Amino acid sequence: MAERQVTVESEVGLHARPAATFVQTAAKAPLDVTVAKGGGQPVNAKSILAVLSLDVRKGDTVVIKAEGEGADEILDQLALIASAP
C-alpha cells in the first residue's frame with residue numbers, strides 16, 4: 001500500500017472546488033483510494049460527501065492511501081491537488 005502525507009494549503013481546505021477536483025481525480029483510478037484527516041478514520045476518496053465530512057481546513061494534514069498498480073501515480077496527483085494554495 002502506498003501513501004502520501006500532505007499539508008493542505010488551499011484557503012478553503014478540501015471544500016468547494018479543491019474537493020471536487022480531488023474526488024474526480026480519485027474516481028478515475030481503477031483502485032481503492034482513501035483519505036484521512038490527521039490520524040483519523042479513512043474515508044473513500046471517491047465520494048464527495050465522505051471527503052467533505054472530514055472538514056479539512058488550511059493547515060490540516062491528510063493521509064492519502066491507495067493500493068495496486070498505478071497507486072504512486074494517482075497519489076502524486078492527489079497530493080498536488082491537496083497541497084495547492
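Which residues does Asp 60 touch, not counting residues up to four places away in sequence? Val 6, Thr 7, Val 8, Lys 37 and Asp 55, where a contact means heavy atoms within 4.5 Å. Bear in mind that this is a predicted model: local features need pLDDT of at least 70, side-chain atom pairs count only at pLDDT 80 or more, and totals for chains, interfaces and linings use all residues. Residues are numbered from 1 along each chain as its sequence is written, and side-chain values use heavy atoms, with hydrogens and water left out.

**View 1. Asp 60 and its polar contacts.** Asp 60 is in the loop between helix H2 (48–53) and strand E4. Helices (H or I, at least four residues) and strands (E, at least two) are DSSP runs, numbered from the N terminus. The Asp 60 side chain meets that of Lys 37 in a polar contact of 3.5 Å. It also gets to the backbone nitrogen of Arg 57, at 2.7 Å. A polar contact here is a pair of N or O atoms within 3.5 Å; within protein, one must be able to donate a hydrogen and the other to accept it, and residues adjacent in sequence count only if both atoms are side-chain atoms.

**View 2. The four-stranded sheet.** Follow the open sheet across and you get the order E1-E4-E2-E3, with antiparallel pairing. E1 and E3 (43–44) sit at the edges with a single partner strand each, so one side of each has no neighbour in the sheet. Two strands pair if DSSP finds at least two bridges between them.

**View 3. Strand partners, pair by pair.** E1 and E4 are joined by six bridges, and Glu 3 stands opposite Lys 65 in E4. E2 and E4 share five bridges; here Val 33 faces Ala 66 of E4. E2 (residues 33–37) and E3 pair over two bridges, with Val 35 having Val 43 as its bridge partner in E3.

**View 4. Helix H3 over the sheet.** H3 (residues 71–83) lies across E1, E2 and E4 (61–66), running at about 10° to E1. Axes are lines fitted to C-alpha atoms, for helices over the stretch in contact, and angles run from 0 to 180 degrees between N-to-C directions.

**View 5. Ser 10 in its loop.** Look for Ser 10 between strand E1 (2–7) and helix H1 (16–27). Ser 10 counts as buried because its relative accessibility is 8%; buried means under 20% relative accessible area, exposed over 50%, partly exposed in between (1.4 Å probe, protein chains only). Leaving out residues up to four places away in sequence, Ser 10 touches Pro 18, Lys 58, Ala 84 and Pro 85.
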